[in-house]
Amino acid sequence: MTTYPIIKRYGLIWTSLGKPKETLPYFPEWDDPSYRKILCGAYYYRASGFRALENFLDLAHFPFVHEGLLGDVCQSAIADYHVQSTPDEIMINNIRVWQPDPDGTGEGNYVTYTYRILRPLTAHFVKASTQGNLAIFFTVTPVTETECLGWMGLAMNYGFDVPEAELKAFQDKLVAQDIPIVESQRPQLFPLDVQRECHFPSDKASLAYRRWLKQKGVTFGTI
């Protein structure tokens, strides 16, 4: 009988079909007792896991896909931001945007994002505002090259009076808005050649992600 190693972290069970080359990606806010923690998902996408993760990184879609929640079409410009790639991760910071309801608490605010791409199918951001920090850890389980399941771990150091069911329902609503957009993208396999699709200045994170995957030799679900 074949057996596989497992680790329980962040409300999930992790395994590897081979010998793991790295430890689990780190989600520091989940281990911080000053944060409340909520696991959301699984979310099913008829799309490449890389398409799903790229959508998680994309702030430019907020005013159009999540208007009234994470964006305002009258304030849709994305200012320049900084991207730094290393062999181990990609750091994306200095992203400041206005959001009418950034976290499900119902209060609009300017927020600042800091992203880290930790693995080919795992990323994490911290959204900082005057209320506190909201961290989301997004990891994807590939089912096939064009199907995947997404999981989101939420950690907040404020909003303790907001019921967990409301926060989960808010996240479910956002993902339900995202999924049709992600599933509509063609080609279904994720192009690592940045010349195959049209990109804009706000796509710096996506471009860095594609180059990073190519440098890592990722082939599953890509072209």
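The residues that line the largest cavity comprise 19 nonpolar, four polar and three charged ones, where Ala, Val, Leu, Ile, Met, Phe, Trp, Tyr, Cys and Pro count as nonpolar, Asp, Glu, Lys and Arg as charged, and the others, Gly among them, as polar. This is a predicted model, in which local features need pLDDT of at least 70 and side-chain atom pairs count only at pLDDT 80 or more, while totals for chains, interfaces and linings use all residues. Residues are numbered from 1 along each chain as its sequence is written, and side-chain values use heavy atoms, with hydrogens and water left out.

The lining of the largest cavity consists of 26 residues, and those nearest its centre are L70, F125, I136, Q171 and L174. Two or more lining residues come from each of α1, β6 (109-119), β7 (122-128), β8, β9 (147-156) and α3 (164-184), where helices (H or I, at least four residues) and strands (E, at least two) are DSSP runs numbered from the N terminus. Helix α3 contributes the most to this lining, with six residues. The space in the largest cavity amounts to about 260 Å³, a volume being the space filled by probe spheres set on grid points that are joined across faces, edges and corners.

Rolling a probe the size of a water molecule over the atoms shows where empty space is left. On a 1 Å grid over the protein atoms alone, a cavity is a set of points where a 1.4 Å probe fits but cannot get out, whereas a pocket is an open set with protein on both sides within 12 Å along at least five of seven lines; lining residues have an atom within 4 Å of a point. Two cavities of 30 Å³ or more turn up in a search of the whole structure. The second largest cavity holds about 30 Å³ of space and is lined by S48, G49, F50, L121, P142, E145, F220 and G221, a lining with four nonpolar, three polar and one charged residues by class.

Turning to the open spaces, the largest pocket has a volume of about 1300 Å³. It is lined by 30 residues, of which W14, T15, S16, L17 and R119 are the closest to its centre, and the elements that supply two or more of the lining residues are β1 (6-9), β2 (12-15) and β8 (133-144). By class, 18 residues of this lining are nonpolar, seven polar and five charged. T15 itself lies in strand β2, and, leaving aside residues up to four places away in sequence, it touches Y4, P5 and I6, a contact being heavy atoms within 4.5 Å.

The second largest pocket has a volume of about 430 Å³, and among its 25 lining residues E54, D58, Q185, D203 and S206 lie nearest its centre. At least two residues of this lining come from each of α1 (49-57), β5 (90-99) and α4 (204-215), with α1 giving the most, four residues. The lining of the second largest pocket divides into twelve nonpolar, six polar and seven charged residues.

What pattern does the chain follow along the sequence? The chain has four helices and nine strands, and they come in the order β-β-β-α-α-β-β-β-β-β-β-α-α. Along its principal axes, the C-alpha trace spans about 50 × 40 × 30 Å. Of the 223 residues, 46% count as buried, where buried means under 20% relative accessible area, exposed over 50%, and partly exposed in between (1.4 Å probe, protein chains only).

Finally, some details of the backbone deserve a look. Most residues other than glycine have a negative phi, and most peptide bonds are trans. The peptide bond from G41 to A42 is cis, with omega near 5°, and A42 is in strand β3 (residues 36-45). The bond from R186 to P187 is also cis, with omega near 0°, and P187 is in the loop between α3 and α4. Y10, in the loop between β1 and β2, has a positive phi near 60° and is buried, with a relative accessible area of 4%. N94, in strand β5, has a positive phi of about 65° and is exposed, with a relative accessible area of 54%.
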